[in-house]
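This report examines the fold of one protein chain for a reader who is new to structural description. Please keep the sequence and the model in view while reading.

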Amino acid sequence: MSTPDRGDHEPDEPMGKAAPDPVDLWSAFKRAHEIVRSRVIADAAEAAGLSEPDLTILVNLNKAGGSLRQSELAASLAWDRTRISHQLTRMSKRQLVTRERAGGVVVTLTDAGRQAITAVHPGLDAAVRRHFTDKLSAQEIETLSSALRRL
C-alpha cells in the first residue's frame, strides 16, 4: 500500500539562487530516499512477497545476466560480507538463488528467482516511475543520474 504524496513540487520549480547548506542537502536527500524507497517497496516488493533485500539482490543478479561472484554482488550493493551472506542464506532456503564454490562463491538465480524478478519487474518499473522519475524533468533526471554516478 502506498502512502499519499506530501510536499510535491513541479519538476521545473526553481530551487533558488543560494546553494543549500550541505547538512540541509544531505537531510533532504535522506528524506527523499526514504520516502521513495518505502513507497516503491510497498507497491512492488511487498505485493510480490519479497523483502527489499530480496528485491535488491534479484534485480542486481538479473541485470548481471543471472550470476555474479558473491564478492562482486556485495561490492555492487555496498553491503558487508556478513550482511550479504545472511541474506543469501535466507534466499537460498526459499530457492531464489544458489551459491556454488568455484574459485570464490558464485551466486546464481534459480528458476524461482528468475520467475520472481520477471513477475515483479512491471510493478517495480511502474512504482519507480510513479514515485520517482515521473516527478522529475528530463534534465533533472540527467543531472541526478550524473551526480549519483560520481558518489
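Which elements cover the buried residues of α4? The cover includes the helices α2 (52-63) and α3 (70-77) and the strands β2 (97-101) and β3 (105-109). Helices (H or I, at least four residues) and strands (E, at least two) are DSSP runs, numbered from the N terminus. The structure is a predicted model, in which local features need pLDDT of at least 70, side-chain atom pairs count only at pLDDT 80 or more, and totals for chains, interfaces and linings use all residues. Residues are numbered from 1 along each chain as its sequence is written, and side-chain values use heavy atoms, with hydrogens and water left out.

The buried residues of α4 include I84, Q87, L88 and M91; buried means under 20% relative accessible area, exposed over 50%, and partly exposed in between (1.4 Å probe, protein chains only). These residues lie on the same side of α4, because they cover an arc of only 100° around the axis. The arc is that of the directions from the helix axis to the C-beta atoms.

## Length and ends of α4

Helix α4 has 13 residues (residues 81-93), and at 1.5 Å a residue it should span 18 Å; its end C-alpha atoms are 18 Å apart, so expectation and model agree. The expected span of a helix is 1.5 Å times one less than its number of residues.

At the N-terminal end, D80 caps α4, with a side-chain oxygen 3.1 Å from the backbone nitrogen of T82. Just after α4, Q95 has a positive phi of about 60°.

## The sheet

Three strands form an open sheet in the order β1-β3-β2, with antiparallel pairing. Strands β1 (67-69) and β2 are at the edges and have a single partner strand each, so one side of each is left without a neighbour in the sheet. From one strand to the next, the twist averages 20°. Two strands pair if DSSP finds at least two bridges between them.

Strands β2 and β3 run antiparallel and are joined by five bridges. T98 stands opposite T108 in β3, while E100 has V106 in β3 as its bridge partner. The hairpin of β2 and β3 has three residues between the strands, and G103 in this hairpin takes a positive phi near 65°.

## Helices across the sheet

Helix α2 lies across β1, β2 and β3 and runs at about 95° to β3. Helix α4 lies across β2 and β3, at about 120° to β2. Axes are lines fitted to C-alpha atoms, for helices over the stretch in contact, and angles run from 0 to 180 degrees between N-to-C directions.

## Residue N60

N60 is located in helix α2. Its relative accessibility is 22%, so N60 counts as partly exposed. Leaving aside residues up to four places away in sequence, N60 touches L68, L73, S76 and L77; contact means heavy atoms within 4.5 Å. The C-alpha atoms of N60 and S76 are 8.1 Å apart, and the two residues are 16 residues apart in sequence.

## The protein as a whole

The protein has six helices and three strands. From the N terminus on, the elements follow the order α-α-β-α-α-β-β-α-α.

Of the 151 residues in the protein, 25% are buried. Among contacts between residues at least 6 apart in sequence, 60% join residues at least 24 apart.

Terms used: Polar contact = N/O pair within 3.5 Å; in protein donor to acceptor, adjacent residues only side chain to side chain.
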